[in-house]
Amino acid sequence: MIVPLADAIRDLVRDGDTVALEGFTHLIPHAAGHEVIRQGKRDLALVRMTPDLVYDQLIGIGCARKLVFSWGGNPGVGSLHRLRDAVERGWPRPLELEEHSHAGMAAAYAAGAANLPFGVLRGYLGGDLSSHTRVERVTCPFTGEKLAAVAALRPDVGIVHAQRADRQGNVQLWGILGVQKETVLAAARAIVTVEEVVDELTHRPGAIVLPHWLVDAVSLAPGGAHPSYAHGYYDRDNEFYVAWDTISRDREAFEAWMKRHVLNTADVSEYRRSLDEAGVAV
Amino acid sequence: MSVYAADEMMAVEAARRLDEGAVVFVGIGLPSVAANLARRTHAPGCVLIYESGTIGAKPERLPLSIGDGELADTADSVVSVPEMFAYWLQGGRVDVGFLGAAQIDRHGNLNSTVIGEYDQPTVRLPGGGGAPEIATGVRDVFVMLRQTPRAFVEELDFTTSVGDKVRVVVTDLGILEPRYGELTLTAVHPGVSVDEARAATAWDLRVAEDVRETQVPTDDELHALRSLKTKGKDL
């Protein structure tokens, strides 16, 4: 049940798949995203509420043909420059967008988890977004109210990061939970990376458990959320988020950085060591 | 009288408008500063909700992201994102929602999606995130935005969220409130003239007959604001 991350990505992520790497600011599965990049997966439809640095990297390196998202920025810093370059100038390849609101995307994940064809919400009212995305109006059969319907998200692969798992592959996570549970439930195949593997999952206030039979692969990736964070393990690397603004602004600087820290490293421990050697705040 | 920055004036004036006990949906940046300032001055019972799922967050330092660990540590409750938007926002539990944007029009409609055409944008902005449903799901929308002709436009390039519930726009020059069916200048900050505010607005800005001057930040307000800021980074 606990397998090397490289094996999990090789066996479960296929070219052309719809892949959701989730984690709302917290527990973003960077190590898994880096492994997708190292293995050169292509033509992915990437799904994520808040495309973070890891999606900037996946898009900038050319793994993605499509992005389904609701907010695509560098939180507290500004733009995702690789995302912008792909949308504004088609580099390194054109990127199809399917854009939603947070409420719409959350409802779409919840519908996917519930095995329903669509999610329903009071949303997408009045603005221009509804004419540029997949949203329809449905009428409530009880009250006649017009509501928004969003197609359920059913990714081929859902990938999340968590604090820990036991040896059977039961996964425990706590803190800000985002849409991680919905992502795993909605996906056809699920991969979870964890900070540590323990003999027994002891009780934690506010924690949830994803049972082992829900997950196809659990992989050990200590530090695998960096520069995001793992509550109780390490803090968010806010300085890295600021530094990424400079790294990602220029195509060549971006490619050199990716080569040095992702493509030329074997795994998350080498990635982190390479950052230490480069003197980038970790 | 103390010397203060324009951003500080904005934070102070927004904070003053939050009532004790108000349930506030907070974004990062100036809204987070304003809501935390209110909590540390006249409204200690103000409830801060960040869209990452933290309800009743009480951060000591200002977070860089809406999902910083300290928000979860200090919150009364942490809920999932689907629950946040369905039960709490759509459920009608939020009094005030803060929004920012790249562009605003005279009706309080906001654009945070693109500059230029949607399919061929000149600038691809981050997008709406929570804004479309915050704009329609809360009781009152407060907008915080620096006032320039590029931001205060005659016509939006894209309508990300609608202005029906915008009650106030706090800028670095003054205060706009809906009157006579459109946003109207109702106050200027100390040292700012009405003409400056008009010049920073691309539409022909209406000015209230009783336009007033906002009150300069008090020493207590500035002290609370700066002690909050010095604990944080980059804000």
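Student: How many bridges join β2 to β3 in chain B?
Tutor: In this predicted model, strand β2 (residues 47–50) of chain B is joined to strand β3 (residues 54–55) of chain B by two bridges. The two strands run antiparallel.

Student: And what is the bridge partner of Tyr50(B) in β3(B)?
Tutor: Tyr50(B) has Thr54(B) as its bridge partner.

Student: What is the strand order of the open sheet in chain B?
Tutor: The ten strands follow the order β4-β3-β2-β1-β5-β10-β11-β12-β13-β14, with mixed pairing.

Student: Which strands stand at the edges?
Tutor: They are β4 (77–78) and β14 (206–213) of chain B. Each has a single partner strand, so one side of each is left without a neighbour in the sheet.

Student: Which strands does helix α2 of chain B lie across?
Tutor: Helix α2 (residues 30–40) of chain B lies across β1 (23–26), β2, β5 (96–99) and β10 (140–144) of that chain. The helix runs at about 150° to β1(B).

Student: Changing topic: how many residues of chain B are in contact with chain A?
Tutor: In chain B, 38 residues are in contact with 45 residues of chain A. On the chain B side, α4(B) supplies the largest share, five residues. That side divides into 16 nonpolar, 16 polar and six charged residues.

Student: Now chain A: at what angle do α3 and α4 pack?
Tutor: Helix α3 (residues 53–60) and helix α4 (residues 81–89) of chain A pack at about 40°, with their axes 7 Å apart. They are therefore oblique to each other.

Student: Left-handed or right-handed crossing?
Tutor: The crossing of α3(A) and α4(A) is left-handed. Residues making the contact include Tyr55(A) and Ile59(A) of α3(A) and Leu83(A) of α4(A).

Conventions: Residues are numbered from 1 along each chain as its sequence is written. Chains are lettered from A and ligands numbered from 1 in the order in which they are written. This is a predicted model: local features need pLDDT of at least 70, side-chain atom pairs count only at pLDDT 80 or more; totals for chains, interfaces and linings use all residues. Two strands pair if DSSP finds at least two bridges between them. Helices (H or I, at least four residues) and strands (E, at least two) are DSSP runs, numbered from the N terminus. Two residues are in contact if their C-beta atoms, placed from the backbone, lie within 7 Å. Axes are lines fitted to C-alpha atoms, for helices over the stretch in contact, and angles run from 0 to 180 degrees between N-to-C directions. Ala, Val, Leu, Ile, Met, Phe, Trp, Tyr, Cys and Pro count as nonpolar, Asp, Glu, Lys and Arg as charged, and the others, Gly among them, as polar. Angles under 35 degrees count as roughly parallel, over 145 as roughly antiparallel, 65 to 115 as roughly perpendicular and the rest as oblique. A crossing is left-handed if the near helix is turned anticlockwise from the far one by less than a right angle, and right-handed if clockwise.
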